[in-house]
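Take a look at the model below. Keep the sequence beside it as you read.

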Amino acid sequence: MLRLALVIYMVLQCAIELAAQSILDIVRPVETPIGLHFSHFYDPLNELDYGEVQNREFEVCESEILNFGYNIGADWLAFTFANSSNKDVSRILRINKPILDTLVLYHSSEGVVEKEMTGALVAREQEFKHSTSNYFRIQVAAQDTVKYYLKIVSMHSKQLAIYVTSDYEHAEYEQASTITIGFYLGALIIITAYSLFLGFGINDPLYLLYALSNFGSLIATLTLKGFFTGYVFNNQPELSLFFVPVNIASFSILSSFFCIRFINIREYSKLAYYMFYAVVGYGLFAILFPYVLHTVGYPSTFKMLSYATLLFTITAVVSGIVAIRHGDRNAIYYLVAWFIGWIGVVMYVLLLVGVLPINFITENLYMVGSVIEVSALSFALAKRYNNVLIDKNQLERDLLFRESDLTMVISDNKMRYQFKNALLEDLEQLKRAKPSDLIKKMNSLILDLRMQVDKEKKFDFFEDQLDHVNAEFESRLKEHYPDFTKTEIEIIYLIRLNLSNKDIAHFRNTTEGAIKSARHRIRKKLGGAVDLNELIKNI
């Protein structure tokens, strides 16, 4: 009985292994990934060829979607396809992973080894291989079986969803991928153009940074979808070794500069400010380090690129929270945008490292998140544009009001000067007045003095307004021309009120010659402008 039980156990075990490693009949296309039909062998040094690897022991794969992570060796897959029909069958073996460096498919036909290659680092000469996915054509004769070996070498992650499809189904998949990318591309272009239009309205270079950030996002997405490896570098694979990681890292690098400028994070948190520059440095390192290693002959992977993007989105979200806590009105949309972007990046990183399965939703979730993120940032920029217009209009109203007040101040100053001269004349007359007229003249003089006191009170108020305006104007001038002295700034403001040299000299209790010398120094510091009044008005 014990021997019979042992025999039954061994038979069942063999049946389970055969079922797991079963031969796949490709007469009908399979709608699900076929990972359970593969066996796997890992060559860590990538030194075995097709003849040598056939004698190695392969392990049966235990999942429909295969995930070998990041490694620098060669992953070999063995599988057998059968054709139970009476006609030859042609199918597409599609690997839903665009960014793979080299894939080589081997099989023997009548004692002759045949191989076919594809991948980012393989020059593609056959037209059907120009695609956003990696795939091979499989042909099995009627009532025949063919055993294949697939070798995979890549610096990028090796999570593979492998399908067997008909030409029609493959064409549908490619069409769906192209349409999805087209919608993404169109949405991004429209949103970016709209934001640039707003940017030209207020002449703000921030919107150019935003456009560059969107361009980086677009390039990164097209790279991850296999556009460049499939259509741009198909006959120049050596360029993709460097260009692909540059594209992926450009998103986090360009977006970091945009974030620094958008919320002016240095005012709120120097730690967050330096974190953005750390992201830029890490992104550059993530590009150069593996590339340099490969150039000098040491294999490496681009795993750091995934973490560079993840690090950027985390920094962007934290900076948004910091800005909101400091009362930044524009940071709410900014935070929403990067929080959505962070979710999309996290999902994609989880996809790359194999936590999430590969399917149409997870493959395109990054693009959906990217469009929502860019839309939210556009709202943030529109809100910022609106706030700038409101502040600008308010500033112009305040300036007109205060200029009117300052004109009155200057007029009052002239009246005070005239009053002092009149007072001196009255006092001279008072000395010569007859005793009978003395009381009358003194009462008149007291009345004039009381009226002047009332005027002086108003003058003191206007003088405070002058100090306030000068403080605001001084701040703007020092931002663009830090070499101006306080005296020169005051003279610049009086020039802006269209006062003549004589009036400025009178207001400042100096000579016209001193004002002319000051104008000369101001003109020199402004770059030798001919029309000094017009230039000052435009500051």
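## A sheet of three strands

This is a predicted model. Three strands form an open sheet, in the order E9-E6-E12. Their pairing is antiparallel. Strand E9 (134–140) and strand E12 (162–165) are the edge strands. Each of them pairs on one side only. On average, neighbouring strands in this sheet are turned by 25 degrees against each other, direction ignored.

What holds strands together in a sheet? Strands pair through backbone hydrogen bonds, either parallel or antiparallel. Here, strand E6 (residues 89–95) is joined to E12 by four bridges. E6 and E12 run antiparallel. Which residue of E12 is the bridge partner of Ile-92? The partner is Thr-165.

## Cysteines and disulfides

A disulfide is a covalent bond between the sulfur atoms of two cysteines. How many disulfides does this model have? The count comes to zero, taking a disulfide as a pair of cysteine sulfur atoms within 2.5 Å.

Is Cys-61 buried or exposed? Cys-61 counts as buried, because its relative accessibility is 7% and the cut-off for buried is under 20%. Cys-259 has a relative accessibility of 0%, so Cys-259 is buried as well.

Find the loop between helix H2 (50–53) and strand E3 (59–60). Gln-54 sits there. Its relative accessibility is 34%, so Gln-54 counts as partly exposed.

A polar atom of the Gln-54 side chain lies 3.4 Å from the backbone oxygen of Tyr-50. Now look along the chain to Tyr-149, which is 95 residues apart from Gln-54. The C-alpha atoms of Gln-54 and Tyr-149 are separated by 8.5 Å.

## Two residues with positive phi

Gln-143 is not a glycine, but its phi is positive, near 55 degrees. Where is Gln-143? Its place is in the loop between E9 and strand E10 (144–153). E9 is also an edge strand of the sheet described above. Gln-143 has a relative accessible area of 51%. Exposed means over 50%, so Gln-143 counts as exposed.

Asn-264 also has a positive phi, of about 50 degrees, although it is not a glycine. Asn-264 is in the loop between helix H6 (237–262) and helix H7 (265–268). Is Asn-264 exposed or partly exposed? With a relative accessible area of 33%, Asn-264 is partly exposed.

Definitions and conventions:
Residues numbered from 1 in each chain as written. Predicted model: local features only at pLDDT ≥ 70, side-chain atom pairs only at ≥ 80, totals over all residues. Heavy atoms only, no water. Pairing = 2+ DSSP bridges. Axes fitted to C-alpha atoms, helices over the stretch in contact; angles between N-to-C directions. Buried < 20%, exposed > 50% of the residue type's maximum accessible area, 1.4 Å probe, protein only. Polar contact = N/O pair within 3.5 Å; in protein donor to acceptor, adjacent residues only side chain to side chain.
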